[in-house]
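Good morning, and thank you for coming. I would like to take the group through one model, beginning with a single helix and then moving to its surroundings.

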Amino acid sequence: MSKKLRVAILFGGKSAEHEVSLQSAKNVIEAIDKNKYEVVLIGIDKDGRWHLNQPSRFLLNADDPNLIALNKSDQSVAFLPGTTGEMTDLTQGHELGKIDVVFPVLHGTFGEDGTVQGLLKLAEIPFVGASVLGSSVGMDKDVTKRLLRDAGIPIAKFLAFGQESRASIDFKKVKKELGAPLFVKPCNMGSSVGINKVSDEDGFKQAIEDAFKYDNKILIEEYIKGREIECSVLGNENPVASLPGEVIPHHEFYSYEAKYIDENGATLGAPAKLPGDIIQRVQGLAVETFKTLCCEGLARVDFFLKSDGEVVVNELNTLPGFTKISMYPKLWEASGISCTELIDRLIQLAIERFEKEKILKTTFSN
């Protein structure tokens with residue numbers, strides 16, 4: 001029997017999406033093929049410390065989304081540049097063996113934005129998902145939209161503001177350009193954290209304050225009335241798209257609470273009931289978006305489907321939720337790929353990319 005690959009599941013993190021990551025990690029750990037992979041659990045606490053965890057007790061209140069928490073261990077670990085996959089015990093100061101591939105089940109800043117990806121590249125470890133550029137671009141909603149706009153991909157109208165122009169944000173001017181209601185969002189955040197739908201000036205001012213709590217740059221976007229459609233993408237150079245799904249929120253919009261706290265917060269249709277031409281349009285745009293934003297491995301692309309049949313890209317998520325109710329794995333299941341098989345494919349894609357990059361020259365010689 002061949003030796004099992006040693007896979008480190010990296011989860012938690014300093015992001016506001018910490019608890020979502022814990023839920024995603026729980027599902028990945030339950031679904032991964034234990035006959036094929038030796039699983040190593042590394043939980044990152046909210047202070048950024050990396051803990052080596054035991055599978056039997058890595059979570060507290062694991063079945064309660066309101067109370068779920070990382071069970072911190074006494075063993076702190078790290079990956080160091082130039083160690084070619086070695087995991088180091090910071091507590092005792094010795095090496096704990098080679099990791100063959102890392103599966104970052106991280107959402108939001110300090111995990112999905114290229115920071116962890118850069119660290120893993122320096123440590124010479126294969127990892128699941130987009131590399132540094134794709135992760136950074138996909139995380140920043142402003143940069144994402146500008147790249148999609150330049151590629152001719154349909155998006156909602158938007159404005160972006162940094163902290164330096166905060167005092168000059170005027171509701172009447174924004175409303176004149178984007179209409180109302182509209183959405184106010186942090187540029188670098190996911191899971192609908194810090195997002196507000198507003199119609200009046202008082203709500204607008206509060207939404208600005210809320211968005212700037214999470215990022216130094218915010219996005220203000222026109223409201224598009226339409227069905228919320230999502231599509232999963234899988235692959236490296238030749239990505240493929242799943243059947244599309246539909247989210248029908250029971251809240252004002254598909255908020256953090258609707259996604260992860262309220263079990264009745266939304267109805268998820270996987271697959272969505274759509275005409276064949278719309279399915280093809282969504283899948284084509286999903287792959288085009290994936291490639292335009294330099295993604296690899298996996299991503300979920302979110303759309304609005306207008307009543308006239310127009311499909312508009314909302315955003316892309318490079319490390320989408322992996323909980324049991326998350327659309328990324330659910331859409332692949334509806335397309336004929338189980339969660340266990342999906343995890344296996346993602347790991348193989350990570351290794352394939354690493355092997356291709358390993359043969360590239362990094363120094364100049366005649």
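Which residue, with a positive phi, follows α5? It is G179, whose phi is near 80°. Before I continue, please note that this is a predicted model, in which local features need pLDDT of at least 70, side-chain atom pairs count only at pLDDT 80 or more, and totals for chains, interfaces and linings use all residues. Residues are numbered from 1 along each chain as its sequence is written, and side-chain values use heavy atoms, with hydrogens and water left out.

Helices (H or I, at least four residues) and strands (E, at least two) are DSSP runs, numbered from the N terminus. Helix α5 spans residues 171-178, and its buried residues are F171, V174 and L178. These cover an arc of only 65° around the axis, which puts them on the same side of α5; the arc is that of the directions from the helix axis to the C-beta atoms. Buried here means under 20% relative accessible area, exposed over 50%, and partly exposed in between, with a 1.4 Å probe and protein chains only. The face turned away from the buried side of α5 carries the exposed residues K172, K173 and K176. At the start of α5, a side-chain oxygen of D170 comes to within 3.2 Å of the backbone nitrogen of K172.

What do the buried residues of α5 pack against? They pack against β10, β11, α6 and β13, where contact means heavy atoms within 4.5 Å.

Four strands form an open sheet in the order β10-β13-β11-β12, with antiparallel pairing; two strands pair if DSSP finds at least two bridges between them. β10 (158-162) and β12 (196-198) stand at the edges, each with a single partner strand, so one side of each is left without a neighbour in the sheet. Neighbouring strands of this sheet are turned by 25° against each other on average, direction ignored. Strand β11 (residues 182-186) is joined to β12 by 3 bridges, and the bridge partner of L182 in β12 is V198. Helix α6 (residues 201-212) packs on the sheet, touching β10, β11, β12 and β13, and its direction makes about 20° with that of β11. Axes are lines fitted to C-alpha atoms, for helices over the stretch in contact, and angles run from 0 to 180 degrees between N-to-C directions.

Let me now turn to the cores. A nonpolar core is a set of buried Ala, Val, Leu, Ile, Met, Phe, Trp, Tyr and Cys residues joined through side-chain atoms within 4.5 Å. The largest has 35 residues, and those touching the most other members are I9, F11, F103, F322, I343, L346 and I347. Its largest share, 8 residues, comes from α10. Leaving aside residues up to four places away in sequence, F322 touches residues including F103, Y328, I343 and L346. A second, separate core of 27 residues includes I155, F158, C187 and F290.

Why is β9 largely enclosed by the rest of the structure? The reason is that 5 of the 5 residues of β9 are buried. V101, F103 and V105 lie on one side, with V102 and P104 on the other, so that both faces are covered. β9 runs parallel to β1, joined by 5 bridges, and I9 stands opposite F103 in β9.

Note on methods: A polar contact is a pair of N or O atoms within 3.5 Å; within protein, one must be able to donate a hydrogen and the other to accept it, and residues adjacent in sequence count only if both atoms are side-chain atoms.
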